[in-house]
Amino acid sequence: MPESRSFLRKWLPRTGTMTTAAAVAGSVASRWPDRSPWFEKLRKPSFQPPPITFPVVWTVLYADIAVSTALTLERLTENGDETAARDYTRALTTNLLVNAGWSWVFFRSHRLRTAPVVAAILTVSSADLTGRTLPVRRTAGVALAPYPVWCAFATVLSTALWLENRG
């Protein structure tokens, strides 16, 4: 099967479904944070981006994750490395579970102390996923690089929100 057909028929639908599920799960937890009385009452750090930033950035990142990981899985299976493909899929699944989980910890449970820890785990997981992607499909790995950078920013922001709202 030509590369583009395998990518479009097999891998992109799978990774697209996985990232969409993570996005939907996170959205269900966060709903409209700018309309949440709890969120509105929080003291925000000066570097808090405007509310529209988050859905825009996450939409782009989720599309990037779906495409980059699909291309990587395609290459791994093209090369006959089923073990590496399974390991990569596990890393992706774990990453997306942690990704969705952050919204539940922060927005639904209001656990400001725990949210930076989950965000830090997501940052490490995203960096790991990017590191796994780079040697297999360099362009996909480079394209995925903004993901751990954004997660690191989210860790800093989560930490600042916790520190400004302790007690």
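This report describes the fold of a predicted model and then a few of its residues.

## Basis of the model

The model is predicted: local features need pLDDT of at least 70, side-chain atom pairs count only at pLDDT 80 or more, and totals for chains, interfaces and linings use all residues. Residues are numbered from 1 along each chain as its sequence is written, and side-chain values use heavy atoms, with hydrogens and water left out.

## Overall fold

The protein has seven helices and zero strands. Helices (H or I, at least four residues) and strands (E, at least two) are DSSP runs, numbered from the N terminus. In order from the N terminus, the elements read α-α-α-α-α-α-α. The radius of gyration is 17 Å, close to the 15 Å that the globule rule gives for 167 residues, so the protein is as compact as a globular protein of that length. This radius is taken over C-alpha atoms, and the rule is 2.2 Å times the number of residues to the power 0.38. The C-alpha trace spans about 55 × 25 × 25 Å along its principal axes.

Of the contacts between residues at least 6 apart in sequence, 77% join residues at least 24 apart. Contact means heavy atoms within 4.5 Å.

## Surface and charge

Buried residues account for 43% of the 167 residues. Buried means under 20% relative accessible area, exposed over 50%, and partly exposed in between (1.4 Å probe, protein chains only). The accessible surface is about 9,000 Å², and 63% of it belongs to carbon and sulfur atoms. Areas come from the Shrake-Rupley method with a 1.4 Å probe; for residues, only the protein chains shown count as cover.

The protein carries 19 positive and 11 negative charges, and their mean positions are 8 Å apart. Lys and Arg count as positive, Asp and Glu as negative; His and the chain ends are not counted. Each charge is placed at NZ of Lys, CZ of Arg, CG of Asp or CD of Glu.

## The annotated span

An unreviewed UniProt entry places a "transmembrane region" at residues 142–163. UniProt positions follow the numbering used here, feature names are shortened, and annotations may be inferred rather than shown by experiment. In the model, residues 142–163 are 95% helix and 0% strand. The end C-alpha atoms of this span lie 33 Å apart.

Thr72 sits in helix H3 (residues 53–78). Thr72 is buried, at 0% relative accessible area. Beyond its neighbours within four places in sequence, Thr72 contacts Tyr88, Thr133, Val136, Arg137 and Ala140.

Thr77 is also in helix H3. Thr77 counts as buried at 19% relative accessibility. Leaving out residues up to four places away in sequence, Thr77 touches Trp11, Glu82 and Ala85. Thr77 and Asp64 are 13 residues apart in sequence, and their C-alpha atoms are 20 Å apart.

Trp11 belongs to helix H1 (residues 3–30). Trp11 is buried, with 7% relative accessibility. Trp11 and Thr72 are 61 residues apart along the chain, yet their C-alpha atoms are separated by 9.1 Å.

Arg9 is in helix H1 as well. Arg9 is exposed, at 56% relative accessibility.

## The loop at His110

His110 lies in the loop between helix H4 (82–108) and helix H5 (115–133). His110 is not a glycine, but has a positive phi of about 60 degrees. His110 is partly exposed, with a relative accessible area of 36%.
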